[in-house]
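Welcome, and please open the structure in your viewer. We will go from one selection to the next and look at what is there.

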Amino acid sequence: MSATLPTASGHPGPLPSSVLPPTPTANEFTPVDTEINDDVHDASFITHAIPDISRNSGVVGLCTVPAKRAGMNDLGWHLADFLAWKALLCGETHPNAQTWMALCDVAGIVNTNPELYAHGKDRRLVSSAAAASSYTDSDGNVQHRKDGITVQPSAQKLKVDFVRVLSEKVKVAQAGGYPLVIIICGPTTVEQDIFFGKAEEQHHFGSDSIRHLLGEHVDAIVITPSLFSAGWQINPFFSGNPAGKVVADRTEFLAKQFGGVFAKEHIQHLLGWKSPFLDWDSVDKNEITGTFPGPPMPNAKQEQMFDELQVKIHSALAGRFSTGHGDHSFDFEAENDDWEKLIGPRRHKPLSYYHQKWAALGTGTTAATDLNRLDFLGNSFGGSWMSQVYHIKQLIKQSFVGWPGYWRLLIGQNVKKVLREFLEHLAPDARLCQEMFNVMEHRATTAVLADMTVACFGLPRPYEARCKDWDEIKWTHDTPDVDQRATNQPYAELTRCIPGACVPPRINPSHLNPMQTALQVPATYLSVALCLRYLTSSAGLEAAKRTSQFFEGIKLRQTQLLLRDSEVRDACTAWLRSINMPIRTLEDALAIVKQAEIPPVDAPGQQPGEASISTLQDSQSRRANAFNDDHFPAELKALVPVMNQEFVIQEVTKMKEDLIEQLVKASVGELLGELGAIQLKLAMVQSCLDMVRKAQRSKENGEKDEEQQTPKPITAQEPAMTAKDGTTPKPAGYVPPHLQHTVKKPVELTGEGEPNAGSFRLSSTPTRLAPAQSTEKKASPFTLQSLQKDTKENKSTEKYIPPPSSPLALVKGHEQWKGCLRGISCSVWNHHVFADTRLD
């Protein structure tokens with residue numbers, strides 16, 4: 001009977017269609033596939049040029065540096081930025097449209113020593129902008145502008161005042177349709193969050209809260225300091241949608257915003273044999289002897305250029321490809337105008353106008369004398385060693401505010417311990433500072449990568465939070481196990497395509513170093529977002545693979561931007577010239593990269609710009625795939641599945657160790673003469689190890705499947721007997737848990753084929769005997785009972801027949817395998833090109 005509702009007359013009537021539940025039309029639930037959105041979701045970029053500002057704009061300037069940290073050896077460079085922006089915007093809007101606020105007395109501090117706070121490489125004196133300005137009206141009367149700096153020493157009160165002023169500006173902007181310009185000078189994040197005085201949660205004001213104040217109908221330009229290079233981060237559409245309002249495409253913005261996330265892969269690529277700058281067709285193939293071009297033992301100059309190129313590549317990526325990413329100065333050259341390249345033509349005053357205004361400021365008479373700085377940072381972040389170290393420490397403190405669940409995990413606690421040790425270090429080493437800077441940049445930018453990927457794919461945000469604000473532990477506590485397991489496969493795919501932080505030259509990468517431990521929260525955040533959208537693990541895995549292709553397109557665009565970077569190009573050319581390698585022109589190099597954007601024939605669904613970067617990888621991947629199962633003789637492959645793989649692995653590992661020892665003990669002359677032959681042997685031995693380990697894993701997986709499929713017999717259990725002391729008596733042959741391990745009994749063959757314990761060992765490790773222990777061969781008390789039983793039964797027979805699983809049954813096969821391995825002619829491998837890692 002259909003559902004009814006009573007009518008006005010009291011008689012029941014049919015339910016309206018809006019109340020009835022929807023009728024299912026599909027046999028099963030299948031989520032609709034989500035295509036990548038080509039729209040630009042975030043148009044922020046790093047620049048040295050002033051944005052295109054309308055005369056009708058309302059301006060809010062905020063300096064959040066406390067008085068005790070306002071010195072130029074700490075955060076005082078934010079005060080110089082604050083006054084520089086104020087000097088450039090003075091008189092450019094309505095006299096009452098600008099509000100400038102500060103946590104410290106900026107005017108009093110700067111006027112004490114104006115030259116100390118001179119701005120940029122040209123050292124412009126910006127102290128004149130500290131006071132309120134005036135102008136002459138049309139009647140010739142002097143009028144004062146309301147652009148004085150309001151000082152509020154309380155961080156909490158300054159936050160309240162900022163919210164109040166911003167709300168007032170929003171009302172005026174909504175009423176007149178005017179834009180807003182918000183300038184923040186002080187500690188911020190890449191998401192443009194604000195810290196009032198201290199890097200603590202109670203002093204934190206997120207960018208989402210600012211967007212909530214602005215609403216969706218107010219155009220706002222937000223300017224904050226660049227955290228990982230010189231310059232400023234500008235978001236022209238902070239509270240609006242930039243789609244259709246910019247000239248650059250989505251990939252261009254993302255390639256800049258993803259910064260140094262893929263720096264490790266780019267360095268390996270640009271310094272390898274597949275570098276676009278290297279003219280591969282002119283390379284003598286006989287010279288290919290290492291992962292990177294150049295001699296096996298480079299001289300000091302070549303090593304220096306090699307290291308400088310790595311630093312240049314990472315600096316360009318971390319600086320978001322801004323021009324002059326090591327010079328914290330304004331750039332008024334039209335050819336370097338990032339606004340026109342990314343956003344579009346300027347509609348208001350040109351850069352030349354602001355250049356004249358900037359040139360009218362006075363210049364400091366004394367040049368900067370403190371040249372003690374971190375070279376990889378240039379004159380950014382104050383330009384002195386102390387101010388730059390304080391900036392790195394500030395980045396660490398701000399990172400503690402993000403990722404709330406991560407710091408409660410054991411791995412997060414270990415990382416925090418190392419970071420706190422750096423904070424307490426008064427004079428950290430330059431390489432340690434560079435390593436810490438790279439790690440902080442990678443962690444912050446990976447969170448941006450996760451947020452941007454979620455936006456591009458239209459995925460739901462877990463807990464409606466950004467990656468940096470998402471609590472992983474809370475999600476684990478609230479989510480059922482079945483839903484958590486659904487994220488495993490997408491998570492594994494995402495961690496594969498998001499590399500770890502790039503360590504500086506001359507620092508060994510180590511996964512055991514807590515500071516170099518990759519932050520996996522962004523990968524987990526993305527995998528959860530994918531499963532929230534696709535519900536199942538298999539569908540989420542396919543979406544994760546599309547995400548990987550999406551990252552490949554971003555990396556290709558980053559490669560093009562690196563080729564166009566003049567500093568990277570000059571450093572790469574100088575390095576190749578120092579090692580006598582042929583060099584391509586810029587046009588040819590760009591053409592090589594452009595070819596990688598063409599999708600392969602067997603990938604019809606792949607979009608241009610999202611092709612794999614595999615065609616640009618270095619020779620290391622080619623070397624890893626050169627030796628596979630197909631290149632081994634048939635007799636060797638036939639023996640591997642039936643032999644004891646553990647025995648084979650131990651033997652081949654010993655051969656590998658002998659080769660490495662041979663390399664270590666060889667002199668320089670012997671090394672240069674025998675390097676090629678040893679490379680071939682190492683590659684062959686490593687391939688054997690991979691093949692045997694693969695067979696071992698296949699065998700173990702097959703045994704596990706058989707155990708799961710074979711039902712165990714149900715036996716009646718006898719009641720447990722309890723001793724007088726209350727404990728349960730142990731059965732005969734019981735082995736304590738801490739001793740439950742297998743000790744393989746050494747066995748050898750006598751002349752009659754009988755086993756003789758103690759000579760033929762499965763391991764090359766000698767037997768350890770106690771001082772009072774006799775050398776007489778005795779059975780190990782910890783040998784498994786099944787092995788002891790087999791040994792007794794076999795010895796009782798007249799002729800010993802080893803069990804099929806025993807290595808003794810394959811001794812003759814082992815000898816055949818060993819001879820086959822040693823007898824492989826090098827001619828089998830001569831048609832391959834090998835490039836082993838250079839020995840440093």
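Two strands count as paired if DSSP finds at least two bridges between them. Keep in mind on this tour that the model is predicted.

**Stop one: the sheet.** With that rule, you can trace an open sheet of seven strands, in the order S3-S13-S12-S9-S4-S5-S8 and with mixed pairing. Select residues 45–47 and 149–151 to see its edges: these are strands S3 and S8, and each pairs on one side only. As you step across the sheet, the twist averages 20 degrees from one strand to the next.

**Stop two: a pair inside the sheet.** Now select residues 220–225, strand S12, together with residues 232–235, strand S13. The two run antiparallel and are joined by four bridges. Which residue of S13 is the bridge partner of Ile223? Pick Ile234 and you have found that partner.

**Stop three: a helix with a buried face.** Move on to helix H15, residues 488–497. Colour Pro490, Glu493, Leu494 and Cys497, which are buried. Looking down the axis of H15, you will find its buried residues within an arc of 95 degrees, so they line one face of the helix. An α-helix has 3.6 residues a turn, so residues three or four places apart point the same way.

**Last stop: cysteines.** Select Cys456, which is buried with a relative accessible area of 2%. Then try Cys502, also buried, at a relative accessible area of 10%. How many disulfides does a search of the whole structure find? The search finds zero.

Technical notes. Residues are numbered from 1 along each chain as its sequence is written. This is a predicted model: local features need pLDDT of at least 70, side-chain atom pairs count only at pLDDT 80 or more; totals for chains, interfaces and linings use all residues. Side-chain values use heavy atoms; hydrogens and water are left out. Buried means under 20% relative accessible area, exposed over 50%, partly exposed in between (1.4 Å probe, protein chains only). The arc is that of the directions from the helix axis to the C-beta atoms. A disulfide is a pair of cysteine sulfur atoms within 2.5 Å. Axes are lines fitted to C-alpha atoms, for helices over the stretch in contact, and angles run from 0 to 180 degrees between N-to-C directions.
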